[in-house]
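Colleague: Please take a close look at one part of this model and walk me through the local detail. Start with the sulfur atoms, then go on to the charged side chains and the backbone.

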Amino acid sequence: MRAPGPSDPAPPGASQAWRRLHRDILACTRCVESGHIPVATPMFQGRPGQRLMLIGQAPGVVEMDVRRPFAARAGKELERWMVRAG
């Protein structure tokens, strides 16, 4: 049995669970309420069924502007690392 690929369909119910997860992430205020950050600005990109999830912290100015994670210089470096890793 092989691992699912990026173009494989999502498991049944994954889309609904994915939407619920996104809703919960956007509604979270724990870091702000704890005084760790002044404003929560979660952002994410992806589809149900993908095999890899990258989680970043403290999006930069470019990411905040385009509302897409890993959009600036650090994202380009991350992409180079991922290509080298295969």
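**Cysteines, charges and a loop**

Modeller: The sulfur of C31 lies 6.2 Å from the closest cysteine sulfur, that of C28, which is too far for a bond. A disulfide here is a pair of cysteine sulfur atoms within 2.5 Å. The structure holds zero disulfides. C28, too, is in no disulfide. C31 is partly exposed at 42% relative accessibility, and C28 is partly exposed at 36%. (Buried is under 20% relative accessible area, exposed is over 50%, and partly exposed is in between, with a 1.4 Å probe and protein chains only.)

A word on the basis. This is a predicted model: local features need pLDDT of at least 70, side-chain atom pairs count only at pLDDT 80 or more, and totals for chains, interfaces and linings use all residues. Residues are numbered from 1 along each chain as its sequence is written, and side-chain values use heavy atoms, leaving out hydrogens and water.

Now the charges. There are two salt bridges, each a side-chain nitrogen of Lys or Arg within 4 Å of a carboxyl oxygen of Asp or Glu. D24 pairs with R23, the closest N and O atoms being 3.3 Å apart. R23 counts as exposed at 51%, while D24 is partly exposed at 42%. R80 pairs with E77 at 2.4 Å between the closest N and O atoms. These two sit three residues apart in helix α4, so about one helical turn separates R80 and E77. (Helices are DSSP runs of H or I, at least four residues, numbered from the N terminus.) R80 is partly exposed at 47%, and E77 is partly exposed at 28%.

E63 is another matter. Its place is in helix α3. E63 is buried yet has no salt bridge. (Lys and Arg count as positive, Asp and Glu as negative; His and the chain ends are not counted.) The E63 side chain does reach the backbone nitrogen of A72, at 3.1 Å. Leaving aside residues up to four places away in sequence, E63 touches M43, R68, P69, F70, A71 and A72. Contact means heavy atoms within 4.5 Å.

Last, the loop between α3 (61-66) and α4 (73-85), where R67 lies. R67 is not a glycine, yet its phi is positive, near 55°. F70 is found in the loop between α3 and α4. F70 has a positive phi of about 55° and is not a glycine either. R67 is partly exposed at 41%, and F70 is partly exposed at 31%.

Conventions. A polar contact is a pair of N or O atoms within 3.5 Å; within protein, one must be able to donate a hydrogen and the other to accept it, and residues adjacent in sequence count only if both atoms are side-chain atoms.
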